[in-house]
Amino acid sequence: MSVLSSSIARKVAMALSALFLIVFLIIHLAVNLTSLFSAEVFNEASHFMGTNPLIQFAMQPVLIFGVVFHFVMGFVLEIRNKGARNVKYAKFNGAASSTLASRSMIYSGATILAFLVLHFADFWIPELNTKYVLGDMSGMHNGEFRYFEELQHKFVPMWRVAFYVVAFALLALHLWHGFQSAFQSMGFNNKYTKCVKNFGKIYAIVIPLGFIIVALCHHFNH
């Protein structure tokens with residue numbers, strides 16, 4: 001029998017991947033925020049993240065797997081849940097017992113996935129090309145680290161910044177329900193529910209807002 005054959009196992013696996021990505025978002029935002037205060041610190045942090053063997057060949061593959069697994073499992077669970085709801089109950093109103101955030105998880109998730117494709121095309125794929133195809137591991141351009149300059153350049157077009165803002169707004173909606181749902185799937189005791197829910201709401205606002213601020217600051221100050 002497959003490990004993920006049961007509904008509970010799939011939900012727990014989904015929750016674990018969500019918690020992993022929640023931690024990653026904090027680290028990613030912390031690095032990005034340094035670009036607002038010091039180009040040098042951002043360059044140093046980016047170079048370390050981009051050349052450290054442990055991060056590149058151990059943590060990065062795990063991250064990519066976690067992202068793919070999370071979205072695939074999310075779509076699988078949504079399809080199975082829709083199948084389970086095919087039985088029509090008299091006067092059933094799904095909106096009466098669910099929030100906008102919970103009802104829109106599949107749509108916000110799909111939009112975030114589209115954003116990740118753009119994000120990978122903007123940053124990750126060019127970085128792989130520079131380091132492993134062109135063989136340039138120095139991180140330098142015209143005698144200086146190139147990361148801060150590349151970050152600013154990406155946020156010049158208004159359409160890209162607008163797409164980033166919309167994507168992170170939808171990420172906030174996704175996290176509003178997903179944060180608490182992940183902990184609930186892990187079986188957290190009810191006495192922690194209020195604390196987790198409140199912290200989840202703060203996280204769902206602060207983290208996406210941080211990314212939005214970074215994008216807007218670089219757009220208007222390039």
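Helices (H or I, at least four residues) are DSSP runs, numbered from the N terminus. The model is predicted: local features need pLDDT of at least 70, side-chain atom pairs count only at pLDDT 80 or more, and totals for chains, interfaces and linings use all residues. Residues are numbered from 1 along each chain as its sequence is written, and side-chain values use heavy atoms, with hydrogens and water left out.

**Exercise 1.** Determine how F120 and W124 are placed in their helix and how their rings are arranged.

*Solution.*
Step 1. Both residues lie in helix α5 (residues 105-133), and they are four residues apart, about one turn of the helix.
Step 2. Rings of Phe, Tyr and Trp (its six-membered ring) pair if their centres lie within 6.5 Å; planes under 30 degrees apart count as stacked, over 60 as edge-to-face and the rest as tilted. The structure holds 13 aromatic pairs. One of them joins F120 and W124, with 5.2 Å centre to centre and 45° between the planes, and is tilted.
Step 3. Buried means under 20% relative accessible area, exposed over 50%, and partly exposed in between (1.4 Å probe, protein chains only). F120 has a relative accessible area of 24%, so this residue is partly exposed. W124, with 29%, is therefore partly exposed.

**Exercise 2.** Classify the ring pair of F145 and Y147, and state whether each residue is buried or partly exposed.

*Solution.*
Step 1. The ring centres of F145 and Y147 are 6.0 Å apart and the planes make 35°, a tilted pair.
Step 2. F145 is partly exposed because its relative accessible area is 22%. Y147 has 8%, so Y147 is buried.

**Exercise 3.** Check the span of helix α7 and locate its bend.

*Solution.*
Step 1. The expected span of a helix is 1.5 Å times one less than its number of residues.
Step 2. Helix α7 (residues 158-185) has 28 residues, so it should span 40 Å; its end C-alpha atoms are 39 Å apart, which agrees.
Step 3. The bend at a residue is the angle between axes fitted to the seven residues ending there and the seven starting there. In α7 the bend is about 35°, at L175.

**Exercise 4.** Describe the place of L175 in the largest nonpolar core.

*Solution.*
Step 1. A nonpolar core is a set of buried Ala, Val, Leu, Ile, Met, Phe, Trp, Tyr and Cys residues joined through side-chain atoms within 4.5 Å.
Step 2. The largest core has 36 residues, and L25, F168, L175 and Y203 touch the most other members. Its largest share, nine residues, comes from α7.
Step 3. Contact means heavy atoms within 4.5 Å. Not counting residues up to four places away in sequence, L175 touches I22, L25, Y203, A204 and P208.

Conventions: Helices (H or I, at least four residues) and strands (E, at least two) are DSSP runs, numbered from the N terminus.
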